[in-house]
Amino acid sequence: MEGTEEDRLTETATRIFAELGYDGTSLQMIADAAGIDLDTVHRVAATKADLYRIVMRCADEAEETALREALAGFTPDRRGIMLLADAYLDFYASHPQILALWQHRWMGDAADLPDLEEVYTKPLSRDIADTVRGLVPPDVDPDYLIWSVVWCVYGFLTGGVVRSGPDEPPRRHTPSTAPCPHDDVAGFRAFLHTMLDHMFTPLPRPPA
C-alpha cells in the first residue's frame, strides 16, 4: 500500500544506497533517515543485504517496465531502433537514483553480493540483443553494440560533456547539476541516433 512504513523504508534505502553505496551505509542510518526503528526495519528485511536486494529488485522492475514496453512495440526498422534507445536514455535520465545504484556497483560496491547482474541485467540485455541481432551488419557484435549504448548513456548522465562554444565558457554537466540541461540531453540524443545509424548501416529506412 502507498505510504506504508515499508514503502518509506524502501524509498529511503534507495536514496541512501544511491548516495553512499551499499558499503557506506548501515541499517541504522536508513532507519534514522526513514524515521522508524530497527525493529520495524527487521520486519521488512532481516539484514542490510536483504534490504539492498529489495531495493535492487524494485529498481530492476522499474527498468523492466520501461524497456519491455519499448520491446513490445519494437519494429525492425530505424524507427524501432531509435525508440528502443530513447526508452533507455529517458528511463535513466528520469531515474538518477537507479543510475547511481548501478554506478556504485560498477565501482566495486556490494562485492559480497555478486549475483545481481546475473539475475537482473543479463536477461533484459540478452533479450534486447536477440531483438536486434538480425538487423546488425555481420561485422557488428550485437552484445557489444547494446553495451556501447549502456556505456554511452551512463557516461553522459554521470559525467556529462565539456562544451565550449565561441560565446560560452567551458562547462561540464555532472550529477550535482541535475537535472541535466535539456539542450545537453537533446544534443546527446542526436549523437546517439547518429551513432546507431552508422552501426546499423545498411538498415532499411521506412518509406517517407
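**Entry 1**

I began with Arg133, which is partly exposed at a relative accessible area of 37%. For my own use: buried means under 20% relative accessible area, exposed means over 50%, and partly exposed lies in between, with a 1.4 Å probe and protein chains only. I am looking at a predicted model, where local features need pLDDT of at least 70 and side-chain atom pairs count only at pLDDT 80 or more, while totals for chains, interfaces and linings use all residues. Residues are numbered from 1 along each chain as its sequence is written, and side-chain values use heavy atoms, leaving out hydrogens and water.

Which residue does Arg133 meet in a salt bridge? I found Asp130, at 2.8 Å from N to O. A salt bridge here is a side-chain nitrogen of Lys or Arg within 4 Å of a carboxyl oxygen of Asp or Glu. Asp130 is partly exposed too, with a relative accessible area of 42%.

I looked up the total next, and the structure holds eleven salt bridges. One of them joins Arg105 and Glu117, whose closest N and O atoms are 2.7 Å apart. This pair links distant parts of the chain, with Arg105 in helix H6 and Glu117 in helix H7 (residues 116-132), twelve residues apart. Helices are DSSP runs of H or I with at least four residues, strands are runs of E with at least two, and both are numbered from the N terminus.

Is Arg105 buried or exposed? Arg105 counts as buried because its relative accessible area is 9%. Glu117 is partly exposed, at 28%.

Lys122 and Glu118 both belong to H7, four residues apart, about one turn of the helix. Their closest N and O atoms are 3.4 Å apart. Lys122 is partly exposed, with a relative accessible area of 43%. I also noted a network of salt bridges that links Glu64, Arg68, Arg126 and Asp127.

Pro76 sits in the loop between helix H4 (48-72) and helix H5 (78-94). Its relative accessibility is 56%, so Pro76 counts as exposed. I checked Pro76 against Thr131 as well: they are 55 residues apart in sequence, and 8.5 Å apart in space from C-alpha to C-alpha.

How many residues does H5 have? H5 has 17 residues and reaches 24 Å from its first C-alpha to its last, close to the 24 Å expected at 1.5 Å a residue. The expected span is 1.5 Å times one less than the number of residues in the helix.

At the start of H5, a side-chain oxygen of Asp77 comes within 3.3 Å of the backbone nitrogen of Arg79. Among the buried residues of H5 I listed Gly80, Ile81, Met82, Leu84 and Ala85.

**Entry 1: Aromatic rings**

I paired rings by a rule: rings of Phe, Tyr and Trp (its six-membered ring) pair if their centres lie within 6.5 Å, with planes under 30 degrees apart counted as stacked, over 60 as edge-to-face and the rest as tilted. By this rule the count comes to nine aromatic pairs. Tyr88 is buried at 9% relative accessible area, and Tyr92 is buried at 2%. Phe91 and Tyr92 form an edge-to-face pair, 4.9 Å centre to centre and 90° between the planes. Phe91 is buried as well, at 5% relative accessibility.

Which residues do ring pairs link into a cluster? I wrote down Tyr88, Phe91, Tyr92, Trp106 and Tyr154.

**Entry 2: Trp106 and a surface patch**

Trp106 is found in helix H6 (residues 96-106) and is partly exposed, with a relative accessible area of 42%. Trp106, Met107, Tyr144 and Trp151 make a nonpolar surface patch of about 530 Å². Patches take residues with over 30% relative accessible area and no salt bridge, joining like charges within 9 Å and nonpolar side chains (Val, Leu, Ile, Met, Phe, Trp, Tyr) within 5 Å. The areas come from the Shrake-Rupley method with a 1.4 Å probe, and for residues only the protein chains shown count as cover.

**Entry 3: Ala110**

My last stop was Ala110, in the loop between H6 and H7. Its phi is near 55°, a positive value in a residue other than glycine. Most residues other than glycine have a negative phi. Ala110 is buried, with a relative accessible area of 0%.

Definitions and conventions
Polar contact = N/O pair within 3.5 Å; in protein donor to acceptor, adjacent residues only side chain to side chain.
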